[in-house]
Amino acid sequence: MWWGTLGFFVVEGTGFALALGACFYLVQQNPQWPLAPAPPDHWAGTLNTLLLLASLWPNRVADRDAQALDLGRVRRDLVIMSLVAIAATAVRLYEFTGLGVNWDQNAYGSITWVLLGLHLTHLITDAGDTLVLTALMFTRHATGKRFSDVSDNAFYWYFVVLSWLPIYLAVYWLPRW
């Protein structure tokens, strides 16, 4: 399962890299960047970045507790990670209101919305996976395989967090340079 998840990271990471490459190409082709009256409000993106980085610790704890087959702690950890994933998704949805540009306004708006939208898709995917896994761990299905699923879910969360960092820099700080 680990290798399959790693292969998924390569495919999805390539998609992120292509989108970031398109962003850098557009920056290079336009003497004024952003193509908006002002750079996007970075506070929601910064809050989300801090939340995602802080979530690495409870995510690691969930992985460790799953490897120890500690059902009580795994249940607690998954509830915490479910709340974190929901909060990060909610903040991301709010981020779109502070961009100062619509997706169809110009190339800057399009690539900015694509970058945030790509990552939002991953946040929603992980939130859904974590919520389902949490529910399963409170049923009779909380068996050995599910503990492995918790570790896989934690591994995927690392990808979600680490893939956000270059997007955060491109969306919120590149327009300020």
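Residues are numbered from 1 along each chain as its sequence is written, and side-chain values use heavy atoms, with hydrogens and water left out. Because the model is predicted, local features need pLDDT of at least 70 and side-chain atom pairs count only at pLDDT 80 or more, whereas totals for chains, interfaces and linings use all residues.

The chain averages a pLDDT (the predictor's confidence in each residue, from 0 to 100) of 93, and 100% of the residues score at least 70. Among the elements of the chain, the lowest mean pLDDT, 90, belongs to helix 1, and the highest, 98, to helix 3 (residues 56-67). Helices are DSSP runs (H or I, at least four residues) numbered from the N terminus.

Lining residues have an atom within 4 Å of a point. A volume is the space filled by probe spheres set on the points, which are joined across faces, edges and corners. One cavity of 30 Å³ or more is found.

| Space | Volume | Lining by class | Top contributor |
|---|---|---|---|
| Largest pocket | about 270 Å³ | six nonpolar, four polar, three charged | helix 5, five residues |

The largest pocket has a volume of about 270 Å³. Its lining comprises 13 residues, of which Asp129, Asp149, Asp152, Asn153 and Tyr156 are the closest to the centre. Helix 1 (2-29), helix 5 (107-137) and helix 6 (144-173) each supply at least two lining residues. Around the largest cavity, the lining residues include Cys23, Trp33, Tyr108 and Pro175; helix 5 and helix 6 give two or more residues each.

Helix 6 has 30 residues and spans 44 Å between its first and last C-alpha, close to the expected 44 Å (1.5 Å times one less than its number of residues). At Ile167 helix 6 bends by about 30°, the angle between axes fitted to the seven residues ending there and the seven starting there.

The structure holds 11 aromatic pairs, defined for rings of Phe, Tyr and Trp (its six-membered ring) with centres within 6.5 Å; planes under 30 degrees apart count as stacked, over 60 as edge-to-face and the rest as tilted. One of them is tilted because the rings of Phe9 and Tyr156 have centres 6.2 Å apart and planes at 35°. This pair links distant parts of the chain, with Phe9 in helix 1 and Tyr156 in helix 6, 147 residues apart.

Conventions
1 Å grid on protein atoms, 1.4 Å probe; cavity = no way out; pocket = protein on both sides within 12 Å on 5 of 7 lines; lining within 4 Å. Nonpolar A, V, L, I, M, F, W, Y, C, P; charged D, E, K, R; others polar.
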